[in-house]
Amino acid sequence: MPDNAAPLLEVADLKIEFRSGRETVYAVNGAGFSVRPGETAAILGESGSGKSVTASAIMRLLQCPPAFIAGGAIRFKGDDVLAMPLNQWRRRCGREIAMVFQDALAALNPVFTVGWQIAELFRAHGERSGKKAEARAVELLARVGIPDPVNRARDYPHQFSGGMRQRVMIAMAIALGPDLLIADEPTTALDVTVQAQIMDLLQDLQKEIGMAMILITHDLGVVADVADHVAVMYAGRVVERGKVRDVLGKPAHPYTLALLESVPQLQQNSQSLRPIVGSPPDMAAPPSGCAFHPRCRFATGECKVKLPPKVAVAPGRVAECHHAKSVFNGG
Amino acid sequence: MAQITAEQEAVAIRRGLSWWRLLLRDPIALVAALWLCLLALCVLAGPELFGKAATALNLRARNLPPGSIEHGWLMILGADTLGRSMLARLIVASRNTLSIALISVLVAMMIGGFLGLIAGYIGRTVGNVIMRLSDIIQSFPSLLLAVVVLYMLEPRVGNLIIVLAITRIPSYLRVTRAEVLEIRERVFVDAARALGGSRAHILFRHITPVVAPTLLTILTVDFAIVMLAESGLSFLGIGIQPPEITWGLMVAQGRNHLSQAWWLAFFPGLAIMFATLSANVLSNWLRIATDPVQRWRLEAPKGGDA
């Protein structure tokens, strides 16, 4: 994929707050990344880092209030998503952009058969003939690898296993051949072997349809396997972004470095893991300066008072850290 | 061999048994359904078949106690103070009683449910206006409301239905709104939105089917309340006017003769009770049968607590 192609989705300096009573939670504080057609971008971060909120904001699923988009822009195919009338955006949802949720059981309506639900998607998007819609649903179930699709279409979500359910969810998401699929921790609720199958399925479908994918995850292994680009999020900011191989191979942000050090590796001989000390910040009262400084071993006085600038350590590599260059070179 | 058949049955069950077979498996629900069918027959054909018998006076059979057939089998449940057959009158009264009750609860459910959906899903100003309207209806004593309205309008069947429906709307409205408030936060609603579902689509295709069983349950409970409310209005003389009869009116009239002829109030009361009971039993069965997650309870083979 050429690096200079126009981005399909561009998130720039996105700021999202949740205001409740006296407290304001700064969930996302200036996240920026972009996805080009056909490529896979991963958003990597621990719980509470703002990755799912960002995804919901892109799909415009946030309840406003309590959520407020305090700043920034989301552009999809050049159109400003946040400024677009909601109806217009909803019409494009499903056709051009779709989403896979973490918990497929919760994301499927419990009172309808899965065949009906998929067929309903076609009907909602203009298919007149109910028979045709159902036939397409069965076809789709077969395509995502559900055995005996004709009969399984008549089953309800609770009658499927976790992996099969996620396949159904994926079937619905890709039904209309979207250009961009947002997968919000699609494999977190599944066991490891099923995770691998689901990721393979997603990659196969991605190639077949030629869609781009945003993969939201906290699993470094999955990122390394499937993503082209990665944006590492911490405390609502994208602290580092770049090509996956570069970022994971030679991190420029202390947080990425710490993440990598906390993962067990086969090659390293019995070196003990180095966990990240402390806990993620309370986003109602984020730390001054760089949000990572209380847990960072590179932190200096500057980090406590000044928000780090975006440092371009290499072509296509940006890290938000005062010491990015030294981490990049020395880490 | 036995295992294979059990397996085959399990497969057949997973694919869903027909409504018929499901109903046959639950004797209590079956009895309730049969009873309601019988009542439906009475409603449809009763007044045509027994209209004459219900109004024919037989002064020799005045206050005839139930259990004797010397005045014909129609007198099996006794006769009233004018010697009219209780059985025939019960059958004839079923049309008025059940149609008033059924239509008013249905109307209340549709209006209340619809407004509740809107109040719950759209919320804000529209929702507030709807909820305050419901408060107004609720803060008004329903009997007083009925008396006022029926005094101004004529006490006809149609007006009675309107009054009874209006007083029942708030309960549907509140329950629906509460359910919608919960359901709209569920992930599958977000998923439907993320896949391009419009507001109306989500409301009617995704939320309504989840709320519907609850409404159905309230409907059957309300069914009894409305029948009793109607008898209360009849008792006050602003409900159904004689010579039209309803079960409620029969109870109200029989109350005066309770010490000499208990059957005058007892049998219509029994009819109300059985109609309500079977409606409740059947709705409970329906609620389980239409819930895909609960349905196995009806489908599971009887015997042995697996």
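Analyst: Quick definition before we start: helices (H or I, at least four residues) and strands (E, at least two) are DSSP runs, numbered from the N terminus. This is a predicted model, where local features need pLDDT of at least 70, side-chain atom pairs count only at pLDDT 80 or more, and totals for chains, interfaces and linings use all residues. Residues are numbered from 1 along each chain as its sequence is written, chains are lettered from A and ligands numbered from 1 in the order in which they are written, and side-chain values use heavy atoms, with hydrogens and water left out.

User: So what makes up chain B, going from the N terminus on?

Analyst: The elements run α-α-α-α-α-α-α-α-α-α-α-α. That's twelve helices and zero strands.

User: How do you know which residues of chain B and chain A are in contact?

Analyst: Contact means heavy atoms within 4.5 Å. By that rule, 21 residues of chain B touch 36 residues of chain A. Buried area is the accessible area (1.4 Å probe) that two parts lose on being put together, summed over both; here that comes to about 2,300 Å², with carbon and sulfur atoms giving 60%.

User: Why is the pair A:Glu120 and B:Arg205 called a salt bridge?

Analyst: The term needs a side-chain nitrogen of Lys or Arg within 4 Å of a carboxyl oxygen of Asp or Glu. The closest N and O atoms of A:Glu120 and B:Arg205 are 3.1 Å apart, so the pair passes the 4 Å cut-off. The rule finds one salt bridge across this interface. On chain B's side, helix 8 (187-194) and helix 9 (199-236) each supply at least two residues, and helix 8 gives the most, with six.

User: What does A:Arg143 tie together by pairing with A:Glu208?

Analyst: Their closest N and O atoms are 2.9 Å apart, which makes a salt bridge. A:Arg143 lies in helix 5 (residues 130-143) of chain A and A:Glu208 in helix 8 (residues 192-209), so the pair links parts 65 residues apart in sequence. The whole structure has 23 salt bridges over all chains.

User: What makes the nonpolar surface patch on chain B?

Analyst: Patches take residues with over 30% relative accessible area and no salt bridge, like charges being joined within 9 Å and nonpolar side chains (Val, Leu, Ile, Met, Phe, Trp, Tyr) within 5 Å. B:Trp35, B:Leu38, B:Leu41, B:Met273, B:Phe274 and B:Leu277 make one of about 560 Å².

Key:
Areas by Shrake-Rupley, 256 points an atom, 1.4 Å probe, with all protein chains shown as cover.
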